[in-house]
Amino acid sequence: MKLKLKKVAFVGVAGLLTVLAGCSESKVTGIEPKTMTDALFSVMEADRTVYTKLIIGRLAKKEKVIKASEHWKDEKALVLPAQMFRYGAERVAEKGADFSYSLLSLWPVNKQNKPKTDVEKEGLQFIADNPGQNFYGEETLGDTKYFTAIYPDIGVASACISCHNDHKDTPKTDFKLGDVMGGVVIRIPVKG
Amino acid sequence: MTNKKAIWVFWSVTTVLLLVYYFYIILIGNDKKEVSPGEMIHGHYQIEMSCSSCHSDAFGGGEVLQSACVNCHGEELKAADDSHPKSKFTNPRNASRIKELDARACVSCHSEHKNKITGEMGVTLPEDFCFKCHQDVAEDRPSHKGMAFNTCANAGCHNYHDNSALYEDFLEKHLNENKLLDSLENKSKATVDKLTLLSQYPIDRYPVKKLTLKEIDSHSGVFNDNRVTHEWETTSHAAAGVNCSACHEEKSSDNKITWIEKPDEKSCKGCHSEEVKGFLDGKHGMKIKAGLGAMKPSEARQPMRITSHDKELSCVSCHSSHKFDVQHASVEACLGCHNDTHSQSYKQSAHFNTWHKELNGQAEKNTGVSCASCHMPRQLKRVGEHEVVLVEHNQNLNLRPNEKMLRGVCMNCHGLAFSIDALADEKLIENNFKGMPSVHIESIDMVEDRLKKRKKPEEGGL
């Protein structure tokens, strides 16, 4: 029995040392936060454009077979592209994903979607002043440090423009096709 | 034995006895009031003795309570398109808000066992919860300038969770409606063949055809009870081919069939699952659902008739077995127990007048307003692939805050502005809507003003 215990202890210690030695040799690998947020945004942007053009633009605006409405349930209508995007973000949050995203604007229809943190304020102003460029920064919210990326949200279809310009709660009524209407804010928690 | 030793022995024995006593109460005893930290709210007092309904895990933290809240109330909140779901607060950009008011957890606003601070809506509620996020509302809505921070919800304009009948565009859509609408939407029951909803219905044994007394398949001595057989023969059960055995027989897992003398909601559930679900979720059946037996009117906090005190609430306590008279269940069954001023005033109300006329054949079918029309309304529900009209047996869905009644009940017959005012008038509610509202909620006026300002002058704007 004693011999057996000694054997087990020897194998255990040897194994532990091997693991520790392995750890010191290998490098920590992973995806850079910027690479990650850029990839996430490319998927979000593609899906958002497809929904706006092929569903809303085609069915609600061009062929007029169904309405798109903010009150889609009551009106038995299609959800608006911005709602589609938010519902997706909420589902991702419900699943406990390690990143979050939101759609904000300097000219939001819903005032709760105006920039709130310093990075949001700086970033949204930057992408509005520098069309075609993204904004990257870091911020601490609560007890957590985040890598925050802000990407321009462009008015890609006439439906986006007319809906925002005509909305009773919009603070801006002169959006044009191709304008930066807001920004997609993606956050990833980082160590430090 | 020294005094010191005696004190230690006394302390140890007392501690052990107390521990045994409290463990007995918590784990085995029926009366757990002694370990309850305080009286429970109106919506929960019936299940006070079932601690595990909320405290399902003794070693869990806030997430256990949160999941208990969501298990019972989540579906309702989802159906009402909760204006402030948890998902609105989980984004890190709300970290500063969460620090002030953690809106991710129900218990941040609604504490249980704190009767002294429980408000009129039956829950505890901090007064400044809207202010934390919407303090700058007057910037976009000048009409809100100068309003007190605690008037958002208690002025009848907004509701934190359910704004389905209060949101601006809905008010705008229903501007200038008459007090009494021209077309009444009093839904008639079952718009599709009920059997299409019951995939498991044993149609071979109970084909849809009217049954007569000769065809009764009862195993008991019921043949000799003329009242029972007559009542069954004149119901929709007999008309649809539902024989005695359909309710009175129970098949065990080894296919052994036993005759049940007094079937309960488990038998009804076979064909009326949605109704039974509503009953068990509501005030009449929640004790049964919690495994505490049937609710008795004597246990209720509301005034009940003494003659009804010993009744045990079940499906048949309102529908009466064999007779299943829905008209009786809609008024007389309610008034047989409920004895508050609102219930007592019903028979002097305009609503009762419409009901009386319908029963006497002086008015069209489904135009009368019974107790059930408002508290257990017929509602369009989706069951599988079908949309059907069913009676909502969970009265909580229409009770408090009473704005929940607007869309599903009041607006079937009345204009929105009139309905909002009526529901805000406590005296009018107490006398069962005898007269006109004496209060006016200004939200609809504000919407009208804003609309006028928005329109161009040639369209009637300012």
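Modeller: Happy to. Residue numbers start from 1 along each chain as its sequence is written, while chains are lettered from A and ligands numbered from 1 in the order they are written. Keep in mind that this is a predicted model, where local features need pLDDT of at least 70 and side-chain atom pairs count only at pLDDT 80 or more, though totals for chains, interfaces and linings use all residues.

The C-alpha atoms of chain B fill a box of roughly 95 × 75 × 40 Å along the principal axes. Chain B carries 22 helices and 4 strands, counted as DSSP runs (H or I, at least four residues, for helices; E, at least two, for strands) numbered from the N terminus. Of the 462 residues in chain B, 22% are buried, meaning 20 or more other C-beta atoms, placed from the backbone, lie within 10 Å of a residue's own.

Now the meeting place. It takes 17 residues from chain A and 10 residues from chain B, with two residues in contact if their C-beta atoms, placed from the backbone, lie within 7 Å. On the chain A side, helix 4 (81-94), strand 1 (100-104) and strand 3 (144-154) each give two or more residues, and helix 4 of chain A gives the most, with 3 residues.

Methods:
Buried ≥ 20, exposed ≤ 12 C-beta atoms within 10 Å, placed from the backbone.
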